[in-house]
Structures are given as structure tokens and as C-alpha cells.
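Hello,

Here is the structure I promised to pass on. My notes follow it, grouped by region.

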Protein chains: 8
Amino acid sequence: MDPRDVLGLLEDVRAGRLAPGEAAHRLATLPFEDLGFARLDHHRALRKGFPEVVFGGGKTPDQIATLVERITSRGQNALVTRASREAAAAVVARVPSAAYHETARALTARVADPEPLKGGVAVVCAGTSDIPVAEEAAITAEFHGAVVERIQDVGVAGLHRLLDRAGAIRQADVVIVVAGMEGALPSVVGGLVEAPVIAVPTSVGYGAAFQGLAALLAMLNSCAPGVAVVNIDNGFGAGYLAATILRRRPA
Amino acid sequence: MDPRDVLGLLEDVRAGRLAPGEAAHRLATLPFEDLGFARLDHHRALRKGFPEVVFGGGKTPDQIATLVERITSRGQNALVTRASREAAAAVVARVPSAAYHETARALTARVADPEPLKGGVAVVCAGTSDIPVAEEAAITAEFHGAVVERIQDVGVAGLHRLLDRAGAIRQADVVIVVAGMEGALPSVVGGLVEAPVIAVPTSVGYGAAFQGLAALLAMLNSCAPGVAVVNIDNGFGAGYLAATILRRRPA
Amino acid sequence: MDPRDVLGLLEDVRAGRLAPGEAAHRLATLPFEDLGFARLDHHRALRKGFPEVVFGGGKTPDQIATLVERITSRGQNALVTRASREAAAAVVARVPSAAYHETARALTARVADPEPLKGGVAVVCAGTSDIPVAEEAAITAEFHGAVVERIQDVGVAGLHRLLDRAGAIRQADVVIVVAGMEGALPSVVGGLVEAPVIAVPTSVGYGAAFQGLAALLAMLNSCAPGVAVVNIDNGFGAGYLAATILRRRPA
Amino acid sequence: MDPRDVLGLLEDVRAGRLAPGEAAHRLATLPFEDLGFARLDHHRALRKGFPEVVFGGGKTPDQIATLVERITSRGQNALVTRASREAAAAVVARVPSAAYHETARALTARVADPEPLKGGVAVVCAGTSDIPVAEEAAITAEFHGAVVERIQDVGVAGLHRLLDRAGAIRQADVVIVVAGMEGALPSVVGGLVEAPVIAVPTSVGYGAAFQGLAALLAMLNSCAPGVAVVNIDNGFGAGYLAATILRRRPA
Amino acid sequence: MDPRDVLGLLEDVRAGRLAPGEAAHRLATLPFEDLGFARLDHHRALRKGFPEVVFGGGKTPDQIATLVERITSRGQNALVTRASREAAAAVVARVPSAAYHETARALTARVADPEPLKGGVAVVCAGTSDIPVAEEAAITAEFHGAVVERIQDVGVAGLHRLLDRAGAIRQADVVIVVAGMEGALPSVVGGLVEAPVIAVPTSVGYGAAFQGLAALLAMLNSCAPGVAVVNIDNGFGAGYLAATILRRRPA
Amino acid sequence: MDPRDVLGLLEDVRAGRLAPGEAAHRLATLPFEDLGFARLDHHRALRKGFPEVVFGGGKTPDQIATLVERITSRGQNALVTRASREAAAAVVARVPSAAYHETARALTARVADPEPLKGGVAVVCAGTSDIPVAEEAAITAEFHGAVVERIQDVGVAGLHRLLDRAGAIRQADVVIVVAGMEGALPSVVGGLVEAPVIAVPTSVGYGAAFQGLAALLAMLNSCAPGVAVVNIDNGFGAGYLAATILRRRPA
Amino acid sequence: MDPRDVLGLLEDVRAGRLAPGEAAHRLATLPFEDLGFARLDHHRALRKGFPEVVFGGGKTPDQIATLVERITSRGQNALVTRASREAAAAVVARVPSAAYHETARALTARVADPEPLKGGVAVVCAGTSDIPVAEEAAITAEFHGAVVERIQDVGVAGLHRLLDRAGAIRQADVVIVVAGMEGALPSVVGGLVEAPVIAVPTSVGYGAAFQGLAALLAMLNSCAPGVAVVNIDNGFGAGYLAATILRRRPA
Amino acid sequence: MDPRDVLGLLEDVRAGRLAPGEAAHRLATLPFEDLGFARLDHHRALRKGFPEVVFGGGKTPDQIATLVERITSRGQNALVTRASREAAAAVVARVPSAAYHETARALTARVADPEPLKGGVAVVCAGTSDIPVAEEAAITAEFHGAVVERIQDVGVAGLHRLLDRAGAIRQADVVIVVAGMEGALPSVVGGLVEAPVIAVPTSVGYGAAFQGLAALLAMLNSCAPGVAVVNIDNGFGAGYLAATILRRRPA
């Protein structure tokens, strides 16, 4: 029941087609979404072409393919994260327009162009092992309409490579920094740019890296202000947040 | 040495006033900031009235007062975080325009109006014990030019109070959510709004709260996308990041 | 706005006293509590004499006294946890009927008899150092109308004392077990009784007790089924949950 | 030796059929269970049809089948948790009435109707990945005689779905809440209901979820009173405790 | 009720002075200690002069003095651990024979000679900061009747001092090794001796010592077999266990 | 170089057959074992029939077989812990007298009777899943000459089974208690016996058991004195320590 | 652009072949490495024969072979750490001079002799399970030109073996100590030598070893000064640091 | 007994002034230090002017003063770490030449010039709060004869300040890097220099810094090779290790 439905109901009351008691009952029992509240839930779907996201971890290829088919058949774009190669094959067999991004373990199915976002995103990562998480962030941001600049292999122990790319990083409106091991890169980048920095710790490393804990703690304690952190290996979360930041920018 | 100085040097070379060898030596030994690189560091100071921030923890009242005096005498605004009442008294004695925000343990000294930021910030907090951290976030964002809406006492165990304020929260362009104990509020707020959410865990709680660890972990694992996290009790970091996000918005 | 108000609104629409558009707007903007939802929040207060609880930690004696005065002046009972001796004195000066339970660090002010609960609660604790937490649980349960049997000093290393009291423990309808150090008591008691067991780890112990972490983990891993755990030192939570369990029992 | 046996022994003494010294020896050496104490241990078995529970983890299909056969041949119902598909096949081959609940990884064999419990249990869970644990809780509660209402996919980031089901949740006499990731759902549900809430953290999540630690800590720190916590993924424990709570309700 | 009482009861039954039903009731309701079980609890007290131990932490000087007075008035020796100087003064005022061991923070009151134990105990410690814990162990062992050899300042980084004392250490029948920081001493000593080694980690150290955690983990992982560990700073536990080991030695 | 060799050297000096400078050099460079010090290392091997222990984890079947062959060919007994079934087959093929203890994952090869130890060991364990670790302890103690009483399935949630066996446990001179999950059994047993208790936490459990951490912490914090702890799953360590305790007992 | 290029540019300016504005632009836009800064990055490569290091973990055999081929074709030596047997085969097929060190899981390809380093390195390890990490350290140090003395199986529980080798250890200019379990060896060695000690914790051990955490903490808390620590299992890091220390020694 | 004493003893034997049996006895019973072994322990003292170090934490001013007096009266230099102002006053009152370094909380008493070390040490620190630990490192290194260059306030978020000082840092033969919070500085410095880097995490920071744990983990996981780590806040350890590295450099 959308706002127009409420209005229709009230018109019916005024016109005597519906008794007030019955109308009160309908209003009392309609689900919250009928009161405008639920627009929260479906508001994304209401915009044409805005993507729905499926977390692929723990779902079978068939389940994933069914979900993507359902979403795209409604005219919406779909993004699947943590998608295996098998899941990708199952989807493509049913939704031929779908594309698999192997490095990012992500799958996208576009049936409409996303609303382009204003401003650009830089996705910066430290080592080659961090690239899958960085790619998940980049694919996610692009899928939501952002233009993404990928800047790779700029670890803090080789500053000149990082400084060579500093210009490109500074032009971005949101900077995503992906790093494992000691997780120092967001602090260094945070000192170089004015834009907000989203730090993504990765589980890359061994021993006292403790599957990303070392990088996570480092990033939370960054001496550069303007840095916030998402979960370990959560490239999707970073890409989504970047898109969220850009989406709010006025025309 | 600014770009014009480099040009002047080169002109001197062309004019024969400076030998190439000597010029090469000067270029090689000039500090990096003279090459434009250091503008990174001072760029904030170059804008009139943009604040400098002093971390008050571990500094004596006299040290803090000296720093604030020096900053304001250059025509810049100053913000002191983690400022004790004693530090505030010491500053006000020397910089009468300074104001102490006791709840936030923050001190501001304004000698110029900050450049107003486009868009508003909502600072949402769960319990009364979280208010000091929330206030630090709010004061910081305001100090950098943001308009801040404070929304307090909207814990997840009393949803109707939160939902009553949902409209106000949804109007903000950036939402800061401050919570201790189980740290559930950012997930709930993240589901209600489209704007980016900055989550601040606080050390409020006891026992298995482990000084904010429980809330920190909860926030990092938020099931709502679009949420990033700063350090425990880091209200300043959240306020600064919110201002950073708004600052990048085009006119 | 209660249901009758909605009906009145609809009657106004039918009678032509209110335009459908205006009525739709009113329905859309009325606070959630007007839809019956908020009764959740105030339902406790609506029952005569049902207590309100104030967490005394971090509040000044004066703040606590004001809160208690306000609650009792509305005809409701008040419970203050983590109340210092100073806070107790401040309350008693303004609410003479208030009583301080020093061991439990709890303060109660009763202006009405609580609705008696059906069934009894046993509060069992291992060592004398655990008694403050056990008393907080007992006082809380009593305040909500439960009859409480206190059983103290029945640690697992002296089984015969525990077995001597097994009869009394088994008669309770809910058993709260409070223990620090190795936290073994809930497992042993859980094997002796049929009633639900609420385990409360305490921060009693030293070294590898890690402020209650050892007891907490032990209780979560209890080999006796029918045991659930609350936060470290959270006597209030256990007492409240026990009352909640009894409250649901049919007449 | 049950109480009547003790009496018989004493009768024999009075009648001169047994010397006091010999009787004293028999009393001193009889196992504790002969003194009524051991009824603790077998009291469940003494009620007709009350189930026995087998923890299937680490047992071979054959071991499990043997145990189930033995229990059911005594006329008792059996519940096997953490039962693999292979174990289920082995049981069904020998106890044809057994049923396998694949999602819950649980197996039930009923030879008698359980004594129905008074009151209902709601099993609420946040995400689809939490369903196996929730099902283990539900199956366990049902097996002990409870009526269970399953409420799924009501995560805190989509409040309206949760609020839509709030009525059903509030009607339950015990509420089990199952959640992974940030573990926020018990706090929100705890604020919506009057009934006791049993929170079950799951190991669902990644990175800083630390296999359920984040959810566990969040639940222990719930700001909603009336919430207690069982071990990570311990759906059985929650279902059993819920049945225990209901079992104590007077007729 | 001791065994003779049971016999008397049975004699009464045979003699017709007591009805079997009444006798059965008495047997069923007598406390477990009357069945010989409780001798477990009091067996120590039954031996003349065997000490009782009071954990002084968290008790007031007056409480401690009362306890010691009561114990010694029964003719038993008393040991108080974690006793402050104030507690010692309070005890000595009422039990003049009591002696305070300041380094060990222990207080002993002897009214009878302890039964001498067979064999000797070596208490070995690494650094001067570990001496209080080592002394608590030594005083405890002596109080229970052991002969103790104290060997101090033999850290692993100065092997020759340790090797100089190796002969004395090897003569002991039980070796207690006390160490903080890296906790390496028990492994080295464990390789030097044939006797059982009780390792006591201390909270001595800073930074990554984490209040004794580093030493505790090291000791649990000792590469020398024959080593067991007690809680951090638990000198009492080590001394008591050493006495327990010696006590079991046949004459 | 044994003491007689030193004397010979000195005789050579006196007789002028060896220059003092050369003699000083020889003394300075002779290995420590020549000074009697190294007897420490070989003293075990010097006793006929005393076993050597091989940690089988991470060694190939062939490596293990070679080691056992070498040991037994010297006339010594050998014990292999953490031995796979494959390793056992490889050993038996070369040392036919070897026996594999599958539950304990231990392999013993006896070529001589061990020196019998005075006194007995009880190995007590809580659940069936703890039996492999308990068996490793029992086999180890037996291998070193102890008489072992195995007492299984006496968890704390079923006290009467434990109490039924209390007599047997109390007769032992050393008690090994093996438990996973909440690790409560050593505290209960520690209260029942006078003998030293060696507690072995196992990695049995799930969720917040954290692979034995919960049981380990519980045991370190045991409220029963006279309890010491070895590493998680370290049945060998417990059995060896028990033998060490008994070995020191005088004839 | 090397310094001579800058001079050439300036000469061009003086000669009028280049306009000052154009020269300023070139200076402003040249990459940092052209200013001498980037020599940091390539300085190793500039020395003939100095090795490049490839972290083999997570790379395919083909990727590794390509990298080694590229490095050696430039006339440089290559070291691959964490190289599988398959990777080794792939490399040798394309770079026949490459050698695989299976124990160390390291692969070296030498096309030039390394510059010999002054001074020697001792690599000391405690147990046979630690040898792979020790070998990685040794191979790494040798690859960088150091002479390495390997000293194995000198655990702290068998001091005489360690003391037998003390002379060899003391002759080294840098000592690497590798140990798992309780990690005590660096403290003991640190007390024996004057040279700097690099401690490498290994993940060898079980239970409370927590994959090397116990050893890591022990080493960080070493009571012997002059000890520093690298990451768990990081033999490469230790070998590299040892070479770095020796490299700085003056001729 | 120093080597000359052994020689004298042997001369006595040759001369017939001492019987071989008596000489053998003396050799057997002399402490290990008399055999040259103990030179390890006193070797520092044997060099004129080489300092002795006193850990001041937990010692009284009087104890410290006594120790310093004793050391200096033997003609040796003394260093006291963690010395309070009161301790400093007590020392200066008795050893007037002593000097207190308040920032470093260190006290030095020099009665002889230390042997100058070859090569220089750079002590680099990130923030002003890290200076006390950095100063402890610098004072320690200087006390052992090193020339120290202090480089402060070069955090990674302000790279140009760090790069400005890169030349000075690169000239050092050992670099100590001190940092709290995210601990990123050693990785960045490690990429800039060829010298060995000793990283010192500090407890500076709050919240998820966990008293230096975040910085410690980051440093252990440094992506720059050639970095080793000492304990949190262990400036002394870093300074001592730096001196150890330089001491081994050949003339």
C-alpha cells in the first residue's frame, strides 16, 4: 500500500464507500511498510537500475543463479560477492549478460545503466596479495556508478612508488586503502590526501598478523585523521560506503 | 620555495646570474616542501580560519595554552581535544575568546568563521554515558563548519524513541553513531538511512564489554552496509571524518 | 493518538470535516507510539508499582536522588544499582522510605507493593567474595516480587556443603548461580536441578582469572544443559531475568 | 535401592533377619543413587517418553545408531544433535521411526508423545546463514514438547520486517534469538518483548567476527535486560533451556 | 552422625525402640556429612595442628583477626595469605604468637608443631621482583611441615649462577620455580632435575608480559617434561601442592 | 673426561709429563660433560630399562621406526606419543614386540620391565571425548612403572557417578584429571582427595571453548588447592609428571 | 633523470635551448625517482649480484618461474622463500642454475657471487621441528653473502648440549635463535654471548602454544638484553636482518 | 679464580706444592665462574668503565642509591632506568657526579669514559608522546659509547617532515624507530634505509591501541625486511641492542 493507496482509502471513506471502523481496522493491520516506513526497505529497489547485492558465501551455485535471475527479471542490476567460479558458470547459463570478475570473486549482471555518481574513487592497495580485496571494492563501487582509479603495489616500504601516484590519489573524492600485514598504508595515504579514507585490512600476512588482526588494529589507531575502517577483507563494504558517500553529493 | 621561486632560479640561470652547477645544488638540497610536496602539510594552514587540532591528552595546561596562543595569533582557529578543566582555565587566561565544552572535554578558540560546509551531520547516541564521546564528535564537526543535529538516548532496546527520530536522522548527509555495550545501534541506524554511517564504539559497559572491544567488534561486523568504524571513544575522529566527507561536496 | 483517535479522524473524514489529503498527512506523520507501538516502551510504567531501574554507575548522588524522587513521586517503585554509600545518603535525605542494601550496592525505594510473582528463586554463590553480586541478584529479584532463598558458600571444592543444600536449591523455580575463579558451580548445580539456571560469572579471582573471563568461558561451556549466562558481575541482569521467567507463569 | 528398599532393609533389621552391623555396612557401601540422590541422574528417564539426548559430534554412525536403538527400546524418545547424513541413514536403518532434520543436523526418534509444555517458544533469527542453528533450537524445543513459532530473516538492518513480526514474537512465553555477525538482534528483540530472551551467537560472519566471538560479546553486553546467552552455535542448549523454563510452569 | 551413630540407630530399630519408618526418615534426611562423606571436608581439621588457610585478600583486618583467633582457639595453626601490614597488626594484637612475613605478605599463627613432611622443597626464583611470590610459596610449604631451601636470583640469562646452585636444587624432592617476564626458568630447571617441578608465573614484567600471561604460556609449553603450572602469582598454591606431594610419601 | 681423568691429568702435571700451560688449556676447553655436569643429560639412559620418549607428531613412520629400533637395540624401552596408525605399522614391522594403543595414539616398545613405582595413579576423565587424552596419560604413567586406575565418564553434571567412584579416586597417590568444555572436574576432585591433582585441559568443546582455552583458564583458577595444570591435550605431560612424583618416594 | 640530467637541463636553460618556464614544468612533473629520491628503491638492484627476494607464498609456480627468469636475466641473484616443490621444478626447468633447499622451502638462483660479508652468523635452534625455519634463516643469510654456522638441537632442557656449543655460538658476530614452544632459548643464549641476538619464534607446539604466540611473547619479554624479535616463523626476516647488520661493518 | 689462578694452581702441582688429589678437589668445587665460564657474567665489569645497568622499577630510592654507589665505587659507570625523580635525588645526594635525564626517566653516573663505539645511531620517533621511550633508547646508546642523532616528530601522516630528515637517518649505522598508535613508522623507515632497524612499540594511544599491542603487532608484521622488534616501551632494550651491534664492528 503506497501513499496513494492510503489516500484512496481515505477517499473511499469520505465517499461513504468504506465505513470508518473498517478503514481503521485496515490501517491498524496493514504492515508497516504500507505506512511509508517500509520505503526504507525497498527504497533501493524503487530506483530503476539500482543494484541488489547477494552475498555468495555459503550459497549454492543454483541458489545464486535463481536469485540473480529473479533480480534481473525485475529490471534490476545484481551484484554477487564471494562468488565461486562454479556459481559464475551457473549464473551465466541462465543470465547470459552476467559477467564474472575472477580476481574479485564478484559477479555482476547489469540490465540497466546505474545512475552515475559524482566524483571518483581511488582504490589503493599495498601488495599483490591484497588485490582480490581491492578488486572487490573497485567492482562494487563501479557497480554502484562510481568511476574508479586502481592504484596497486604502493606499499609503505617503497615510498617513491606511492609518491609517484600521489597526484592520482589526491584527485579522488573518496580513497579506499587496502592493506594486510602491518596495515600502515592508510596512515600514510591519510596524510597525503584531503578526501575521506576508507581503510580495509586484509588477512594477508602470517604469524603475528593473526589473519588480519594486526592490520585492523593498526588502521583503527591511524595517526592520520579522516580514516575509518571496515571489517577484514571487506572490500564490498568499502566500495559500497564509497558509493554512499558520493551518492549524497548534491547536483 | 614556491613555484615562482623555482622559476626565478631558472631565470637567474638563463640570465647567467647563477651557474648551472650551483642551481643544481640548490634544487637538490631544497627541502621537499619547497617542491610543492610540503603543501600537503601546510595546506590546511593556508586556508584562512581553518582549524588546527591539538590532542590535549598528556600535555600540561601551560603547553596547551602556549599552543593555542600561537595558533590563534596566526589568525587560525584552534581545537583542543581531551582538555581538562585546568587546561581550559589556562587557555582562557591567555586567549579570552576560547570556549570550553565540558561534556566533550574539548576547547575551541575561534578567531575566524570556518568555511561553512554543505550538508548536515547527525550525531546519534545510545545512552547518556555515551554523550561525552558524542559531544566530542559534534563539537569537532561544528568546529570544521558543519551543522550538527544531536540525537540522544535512542538505544536499540527502545526502538520507538529511535523511530520517532528517524526522520531527523534521515535528513543528515553524514550520520555518526556512538554506542557502547553491545554496539548494536550503527547496524539499526544503517538500515534506516541512505547516508554514510560512521560508527564510534565507546568504552561504556563493564565485564565482557572489555573497555569497548565488544562494541568495536560488533560495529566492524555490522550487517548493514555503508558503515565504517573509528577507534574506541574517538569522537574527534568521527567528527573530523564527517567534515572531510562534506568538504568534498561540490558547490 | 490511540485507536479511538484514529477512528475519530476517520469519522471526521467521512463527515467531510477533514480532507482526505490532510488526513493522509496526519497518519503519515503521527509518531509511532501513537500507533500502539510505543506502548512497548511505557508498558512497565503503566502497571502500578512496577519498579523502574536506575543504573547508578557514573551518576552523581544528586542525579540519582533526583531520579528516585521523580519515580517515586509518580507512585512507582525505584531500584538503583551500583549505588555508592554517598548516593544512598543523598536519596534517603529526599526519599525517607528508601533503603540501602550495602552489600549489594543497591538502593530500593518502595511506594507500593510489587505484584507478587509465582514461584521462588534460589540465589546460590560459591565464595564469600561473590556475595555482593549474589546480593544484587537477590535484591533485584525480590524487588520485582520474587521470593528469594539465599544459599552461600557452597563452592565445588566442598561438595558436601552444596549437597546439604541441594534440597533447598531443587525447590526453586529459577536458580541463579554466582561464581568467580573457575566458574564451575553452574555446571554442578545444573546437574542437580530441573529448573532453569542463570549463571553469573564474577570478576573474583586473580592472575589467569582475567577479571572474570575464565569464569565466563567456563559457564558458556557448561556440560550441564539448561544453563544460560549473563555478563560478568551482572547480578542485576540475573535477578531481572529470573523475575521475567516467573512473571510469565500463568495463574 | 529405592526408598522402599531402605525400608525393607530396616524391616529386616527389626525382624531380626538382618544384623545391625551387616545393615550398617550395606547402608555405608550402597551407591549414592540408592539413597535417593541418584534420582537426580535418572529423573528424566523416569518420566515416560521424556527424551534422551545424544551429542552426535565425534561419534561414528554405528555408535549413534546403537545408542538410539537402546534408548528407544526402553520406550524413550531420543534426540541426536550434530548428526551427519551418514549417521541419520545408519539410525533409520535400525530405528525406522527416526526422522532426520537436515537443516538442523538433528535426528529425532519418537516412541511416545512428549508431555506437552505450557506456553510457546519463538525462535527468531537474523539471516539465512543462521537458520541451521535456529532449527537446532526449534527442533530441540519441539522434541521436549514445546510449540514453536519460527521467525526468520528479521535482521536489525531491516527493522520493518522485524516489526511486522513483533506481534508473533510478543505472544511467545520464551524467545530464542539467533544471530551471527554483530549479534545485535537480541538487544532489539529484548526491547520489544516481556518474555525471557535466550540469545544464541552463531559463528556466521568473517574477519573480525572471529568465529562468533563478536556476536557473543555483543549479546553478553545487551542493553536490554532479561537476556541471557548460551555458547556459540549452541542451538540445542537454547532449545533445551526454553523447554526447561516452560516445564516449570504450574498447571 | 558417625558410623557408630548409624549402628546405634540400627540397634534401636532391632530393639524395637525405633520404628523402621522413622529410621528410614532419619537416614534419608541426615546431612551427607553424617554418612562419612563430610569427613572429606573436615579431615584436615581432625588432625591435630594441621593448618587452616585464610585468603586475606578482600577481608578486613578485623575479619582476619577473628578468623585466626577462632582457628587457633581450636588448637589449630592458621595461615593467612595476602595479608596487609594492618591485618597483621590486628591479628598480633589478639593472637600474640602470630608472626608476619612481610615479603610474602603472609601471616602464620602456630599453636602446635606441624607434622614434619618427608623430603625437602626447593623454591627457586629468577629475579628479585619475583621474591614475594617465591616467599609465599616457601612460607606455605614450611607452614605445612616442609623443609625449604630458598634459591634466588638465578635467572636464565646468567646460567653460571643457576649452575652453581644446581646441586642444591637437585637434592630437593619437589622444586618450585617462580619466574616472570619470559618464564623460561622452569624449562631450564626441569632439564636439570629429576624431581617434579611446579612452575609459578609471576606478573613481573611490562608491556607484552601482559601481567604474567607471557610467563604463563611459556610455562605451559615447557619443553621439559615433569613440569606443571599454577595460576599467576599463586605462590600459595605451589607451596600447598608441594606439601601435598610430600605428604603422600610413605614412612 | 670423568673425575679420574682430571686426576690423571694432574698427575701428569706433577710428574712433569704435561706442562701447566697445556694442562690449563685442556681444562679450559674440555666439554662440560667431562666435568660431571653432563651426567645430567644422560642420567636417565644410564638406568637400565628406563624409557625414552619420542614425540611422534611431525615425524614420518620411517623416522619413528628408526628411532624406536635404535632405542630398543640399546636395551631401553621406548614410548612414542602422537603416533599414527601408519607409524605403528612401520614400527611393528621392525620391532615386533612393539604395541600400539590406538585410543591414546601411543606406541610402546618394551625390552625390559620398568622399575615399578610405589603408589598408584588415578586417571579421571569427564566425557567420552576426553578419553584419548586420558589414555595417553594412563599409558605414559604405566610405561614408567605406575599402576593406573582408569575412571571415566564422571562429569560434574552427574555428581552421583563421580561420588560412586570417590573411594577409588581417594586411594590414588596422584590423581590426573582430564576434562574439556568448562574444565570444572579438577576443582571438584581436588575437594574430594588429599593427593596432588594434575589437571589436563582438553580441546574438547566448541564455540567459546576456544580449543581448550576455557578449560585451561578454569583449571588455573581452581578454587581447590593442590591442583596444577599442564598444556592442553598434554596427556603425556601429566602421566610423566605423575611418574616423577611417585619416583621420588622413598622405599 | 639522474643528477647529470638535472645539470644538463640547467645547461640547456643557460644556453637558451630551454625556456625557464618549460624547465620549471619539467622539474615539477618529473617523477620523484628522477630527483635521486627513488634511488632508495633501486639501490639494491644497482649493486651487481645483490639478490632480489620473491615471497613465494600465494604465487603460482609459473609466476615464480617468470619472476626468477626476469631477475636472473638482468644479472641478479634471486631468492624465493616459501617455495613449494612444484615451484622449484618450474623454476629449474627455466633457470637450470637454480637450486632448491627443501628443508627451508627456499629456492636460490645465483648468476653472480654475492659480495662477501664481514663476520659470521650463528643460527641456533632448539628442536628438530624448528629446523625448517632455521634453515630459511641460514639460507637467506648465506645468499646475502654471510658465512653461517648451524647449531641444532640445543634446547634449554638439555643445557649441556647448548653449553658444549657455546664456544661456536660466541664466535658469531650475529646470533639467530629459533625456537617454538616456550621460546626460552633466546634468553639463555642472550646471556651467553656478546653479539646481537635475533629471536625467531616458531609455530611449533600445540595447545597453549597458540601457533607461536607463547614463544613470541616469551621472546619479547626476554630477561637478557640485546635481543630483538621478528615475526613467527619468519626465518627470512632474521637472515636478512643478520646480513644487514654485517653489511654495515666497515672494512 | 681467573685464568692466571688456574695456571698458578697447576704450577703449584708441578712444583709439588700441591697434591694432585687436592688440586683435583679444588678444580671440582670451584664455582663455574672460576673456570672461565663466569667470565660471561662479569665480562662487562672487567672492561674499565663499561656500565652496569639497574632496572629502577620497583626499587626504593635508597636501594637504587646504594647500588649506584657500589657500582661507581668499583670504578664502573652506572645506568638506572625507570628512575623516579625521588630516586634521582637520593642518588645525587650520595654520588654527586650522577645526572638525571628526566624525560627518559634515566639516571647515569659516569666515573670513566665509555669506550667509544664505531658508527652512529639514529633514534627516530613519531610523536611527542613517544619521546620518553625514544630518550631512554638514546641515553642508553650514548651511555654505552654510541653517538646518537635524535630525529623527532616525523610521523607517517606527515611524510615530508620524515623525508626532510631521510638523509640524516640514512647516515646512521643502526636506526631505532619508536612509535605508538598504529606503529607504521618502522615500515616506512625500513624502506628508506639500508641499516638494521630496531622497532620499539610504545603504549601511546587509546582504545584499540590496547596499551601498545596494536603497534607491536604492526611492527612484527612490517613489510620492510631488516626490522626487528623489542618489547613495548622498551627503549633501554633498543638502545642496548644498538650498542651491541656497533660493538661488534671490527676496528
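Of the 251 residues in chain A, 59% count as buried. Please keep in mind that this is a predicted model. Chain A has 11 helices and 9 strands. Its accessible surface is about 9,000 Å², and carbon and sulfur atoms hold 51% of that. Take the contacts in chain A with a separation of 6 or more: 66% of them are between residues 24 or more positions apart.

Strand 7 of chain A

Start with strand 7, residues 174-179 of chain A. This strand is mostly covered, with 6 of its 6 residues buried. Both of its faces are covered. A:Val174, A:Ile176 and A:Val178 are on one side. A:Val175, A:Val177 and A:Ala179 are on the other.

Which strands pair with strand 7 of chain A? One is strand 5 (residues 120-125), in the parallel sense over 5 bridges. Another is strand 8 (residues 197-201), also parallel and over 5 bridges.

Strand 7, helix 9 and strand 8 of chain A make a right-handed β-α-β unit. The buried residues include A:Leu185, A:Pro186, A:Val188 and A:Leu192. A:Gly190 and A:Gly191 are buried in helix 9 as well.

Strand 8 of chain B

Now go to strand 8 of chain B, residues 197-201. There, 5 of the 5 residues are buried, so this strand is largely enclosed by the rest of the structure. B:Val197, B:Ala199 and B:Pro201 point one way. B:Ile198 and B:Val200 point the other way.

Strand 8 of chain B pairs with strand 7 (residues 174-179) of chain B in the parallel sense, over 5 bridges. B:Val177 has B:Ala199 as its bridge partner. The chain crosses from strand 7 through helix 9 (residues 185-192) to strand 8, and this β-α-β crossover is right-handed.

Strand 8 of chain B also runs parallel to strand 9 (residues 227-229), joined by 3 bridges. B:Ala199 has B:Val229 as its bridge partner there. Strand 8, helix 10 (residues 213-220) and strand 9 of chain B make a right-handed β-α-β unit.

Aromatic pairs and charges over rings

How many aromatic pairs does the structure hold over all chains? The count is 16. One of them is C:Tyr206 with E:Phe55: the ring centres are 6.2 Å apart and the planes are at 15°, so the pair is stacked. C:Tyr206 lies in the loop between strand 8 (197-201) and helix 10 (213-220) of chain C, and E:Phe55 lies in strand 1 (residues 52-55) of chain E, so the pair joins two chains. C:Tyr206 counts as partly exposed at 22% relative accessibility. E:Phe55 is partly exposed too, at 37%.

E:Phe236 and E:Tyr240 form a tilted pair, 5.8 Å centre to centre with 45° between the planes. Both lie in helix 11 (residues 235-247) of chain E, 4 residues apart, about one turn of the helix. An α-helix has 3.6 residues a turn, so residues three or four places apart point the same way. E:Phe236 is buried at 15% relative accessibility, and E:Tyr240 is buried at 5%.

Two charged ends also sit over rings. The charged end of D:Arg82 is over the ring of F:Tyr206, 4.4 Å from its centre. The charged end of A:Arg247 is over the ring of A:Tyr240, 6.0 Å from its centre.

Two single residues

D:Val13 is in helix 1 (residues 3-14) of chain D. Is D:Val13 buried or exposed? D:Val13 is buried, with a relative accessible area of 0%. Beyond its neighbours within four places in sequence, D:Val13 is in contact with D:Leu18, D:Ala23, E:Leu10, E:Val13 and E:Arg14.

A:Thr81 lies in strand 2 (residues 78-81) of chain A. A:Thr81 counts as buried at 3% relative accessibility. Leaving aside neighbours within four places in sequence, its contacts include A:Val53, A:Phe55, A:Arg105, A:Glu136 and A:Phe236.

Best wishes

How values were computed
Residues numbered from 1 in each chain as written. Chains lettered and ligands numbered in written order. Predicted model: local features only at pLDDT ≥ 70, side-chain atom pairs only at ≥ 80, totals over all residues. Heavy atoms only, no water. Buried < 20%, exposed > 50% of the residue type's maximum accessible area, 1.4 Å probe, protein only. Phe/Tyr/Trp six-rings, centres within 6.5 Å; stacked < 30°, edge-to-face > 60°. Lys NZ or Arg CZ within 6 Å of the ring centre and 35° of its normal. Contact = heavy atoms within 4.5 Å. Areas by Shrake-Rupley, 256 points an atom, 1.4 Å probe, with all protein chains shown as cover. Pairing = 2+ DSSP bridges. Right-handed = clockwise from strand over helix to strand, strands pointing away.
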